Each structure stands twice: as structure tokens, then as C-alpha cells.
Amino acid sequence: MLSYRHSFHAGNHADVLKHTVQSLIIESLKEKDKPFLYLDTHSGAGRYQLSGEHAERTGEYLEGIGLLWQRDDLPEELAAYMSVIRNFNRTDRLRYYPGSPLIARQLLRPQDKIHLTELHPSDFPLLRSEFQKDERAKVQRADGYQQLKSQLPPLSRRGLILMDPPYEMKTDYQDVIKGLQEGYKRFATGTYALWYPVVMRQQIKRMLKELEATGIRNILQIELAVRPDSDQRGMTASGMIVINPPWKLEQQMKNVLPWLHKTLVPSGNGHQLVNWVVPE
Ligand code: SAM
């Protein structure tokens, strides 16, 4: 089942959180000259038109990147992320939103490698055409979870693996943990960043328990809630689970999350947290 299209959700509060974390990790990896691999298991289409029918229909970006776009008091932790957004929007109008592959494309260096997989029959060709001229990139219509077995460890022995499935199927909550285990078995020093939605809190508690039971250590959780937990339909929060985070990430997120929460949720509802699921 592949009914999810990220174009309906691009630039929402969950993307802001995810892409802030993604860009901070990439910037940390760049502190050493040695190349690294960026592996994006669930890549999406790459570029999203915010004035397009899908984004306009939900208007989600208006409560996400739309609230950051005109601010002139951005914390420095958002500098890399916002530089990519500005590069796609050279005028005053916010028209395009770059997904995780295009954020990586701009932030990575010539010596780094980009490996992208996407399964959707409409989104895959869009993604492939974005990277046609990029010699660093390999773009495949393939299952993202399989890449954790076939592409790791990278030759460079350095890397960021972003896992961002749509959670359309309940099995995704278990598949991500199995995937992380497979990847970690092959490449225990890599940085893994897993995105999750909070729709039913119980599902996330169960997922974290399963993750703890793997024995993997050094796991940081970052979460931003725009509403209190609820058993009604809909996403109330989203988060990132980061295995082997760069040492600065905890403090960077503690600096920037209160600002993001205040800016994205002026009512003050919800919460934000940075928490070690398992310490080093
Ligand atoms: N990472 C993207 C970003 O931040 O811009 C958004 C990705 S979107 C949340 C999830 C994507 O995963 C969808 O485009 C969907 O088609 C794709 N997908 C679903 N199952 C997949 C699988 N098993 N392997 C690869 N891609 C898959």
C-alpha cells in the first residue's frame, strides 16, 4: 500500500523538527574532512510546491515552515536548515519546500555520497530527475529497509542514515526497529536518525521498549508536541530517535526546541523534550 504522498504534509511542524535535526547532524559530520555517506531510506519526491494543490489543500506548512519564514530572530541552530529553504525561495514568497534529499544535496560536500531510495511510482521519477546531474548520488526505486542490509557499512565508515517511513501500516513501528538492528549489526558507529509520529502514545512507548531491548546504547530522543496526547485521530506530536548522535546535538536541541515550540505553537499547548532513551 503506497497511498501516502508527502506533498500533502511538506513543511509542517514535523518536517521542521526532522529537517532541523538532519541538518545539525550533517553539519557536525562535516567538521571532519573525511567523506561520509548520507543514506535516506524513505526519500519522498525531493521538492514540494507549497502553492500546489496538495499543500494548499491541507495548509499544514502554514503551521510549520510558514511561521519561521519571515522571522528575523532565528536561533543559530536553524542557520543551515534555513539557508537551504532560502536557496529554494529567492524572493519574499515561500513557494517551495525541499525534502530531506534536497537538504542533504545542498549541505553535503563533493567528497560525500548520497544514497536515496523511494518506492512510490509517482514520487520516484521526480526524485530521480532532481539528482540526474549529481555524481555523488545513487537513486533507486527500492525498499528502504533493505538498504540497511545491502548498503552498510559504507566504504568511508562514516555516515548518517535517515529513516522516515510513512507509518501507513502498523507494521512500520516494528519494521523500523528491525531495520535499525540490521543496520547497527553491520555499522555500529553510524548515526541513525529515525522519525516517528505520535498518533497513539502507546505505539511509541512500545516502539521505545523494543528499541531498548535490542541492547543498542547511546540513543537520544527529541520530541515536539503541538497538542496534548489524545486518543482521537491525528498526529499530536512527532519526534526523532537518534542513535550515536554527534556530541553537540543534545545541547543544540535543548537550545532550539523551546524557541521552536513557542514559535510553532503560540498557544503553548503540547510539549518539547530531549531525553536519553539509553545513555552511552
Ligand atoms: N524523507 C522525506 C522528507 O523528509 O522529505 C519524506 C518521506 S515520506 C514521510 C515517506 C516516503 O516513503 C513516501 O514517499 C513513501 O512513498 C515512501 N515509502 C513507503 N514505503 C517505502 C519503502 N518500503 N521503501 C522506500 N520508500 C518507501
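**Close-up views of a predicted model**

**Figure 1. Asn 244 sits in a loop with a positive backbone angle.** Let's start with Asn 244, which is found in the loop between E9 and helix H10 (249-264). This is a predicted model, and here the phi of Asn 244 is near 55°, a positive value in a residue other than glycine. Is Asn 244 buried or exposed? Asn 244 counts as buried, because 22 C-beta neighbours lie inside 10 Å and the cut-off for that label is 20 or more.

**Figure 2. Tyr 167 is another non-glycine residue with a positive phi.** Its phi is about 55°. You'll find Tyr 167 in the loop between E6 and H8. With 18 C-beta neighbours inside 10 Å, Tyr 167 counts as partly exposed.

**Figure 3. Strand E7 has a strand partner on either pairing list: E6 and E9.** With E6 (residues 159-163), E7 pairs in the parallel sense over 4 bridges. Look for Leu 162, which stands opposite Ala 193 in E7. With strand E9 (residues 237-243), the pairing is antiparallel and runs over 7 bridges. Here Tyr 196 has Gly 239 in E9 as its bridge partner. E7 itself (residues 191-198) is mostly covered, with 7 of its 8 residues buried.

**Figure 4. E6, helix H8 and E7 make a β-α-β unit.** Follow the chain from E6 into helix H8 (residues 172-186) and on to E7, and you've traced a right-handed unit. The loop between E6 and H8 holds Asp 164 as well as Tyr 167.

Figure 5. Why does Asp 164 count as buried? It has 24 other C-beta atoms within 10 Å. Which residues does Asp 164 contact, leaving aside its neighbours within four places in sequence? They are Lys 18, His 42, Ser 100 and Trp 195.

**Figure 6. Ser 100 lies in helix H5.** The helix covers residues 100-107 and is mostly covered, with 6 of its 8 residues buried. Those buried residues are Ser 100, Pro 101, Leu 102, Ile 103, Ala 104 and Leu 107. Ser 100 has 24 C-beta neighbours inside 10 Å, so it counts as buried. Not counting residues up to four places away in sequence, Ser 100 touches His 19, Gln 22, Asp 40, Ser 43, Leu 162 and Asp 164.

Figure 7. Of the 20 residues around it, His 42, Gly 44, Gly 99, Ser 100 and Gly 144 come nearest. The shell divides into 6 nonpolar, 9 polar and 5 charged residues.

Figure 8. Glu 118 counts as buried because it has 26 C-beta neighbours inside 10 Å. Apart from its neighbours within four places in sequence, Glu 118 is in contact with Ser 43, Gly 44, Asp 123, Phe 124, Leu 127 and Arg 141.

**Figure 9. A cis peptide bond joins Leu 152 and Pro 153.** Omega is about 0° at this bond. Pro 153 lies in the loop between helix H7 (144-150) and E6.

Key: Residues are numbered from 1 along each chain as its sequence is written. This is a predicted model: local features need pLDDT of at least 70, side-chain atom pairs count only at pLDDT 80 or more; totals for chains, interfaces and linings use all residues. Helices (H or I, at least four residues) and strands (E, at least two) are DSSP runs, numbered from the N terminus. A residue is buried if 20 or more other C-beta atoms lie within 10 Å of its own, exposed if 12 or fewer, and partly exposed in between; C-beta atoms are placed from the backbone. Two residues are in contact if their C-beta atoms, placed from the backbone, lie within 7 Å. Two strands pair if DSSP finds at least two bridges between them. A crossover is right-handed if, with the strands pointing away from the viewer, the path from the first strand over the helix to the second runs clockwise. A residue is near a molecule or strand if its C-beta atom, placed from the backbone, lies within 6 Å of it. Ala, Val, Leu, Ile, Met, Phe, Trp, Tyr, Cys and Pro count as nonpolar, Asp, Glu, Lys and Arg as charged, and the others, Gly among them, as polar.
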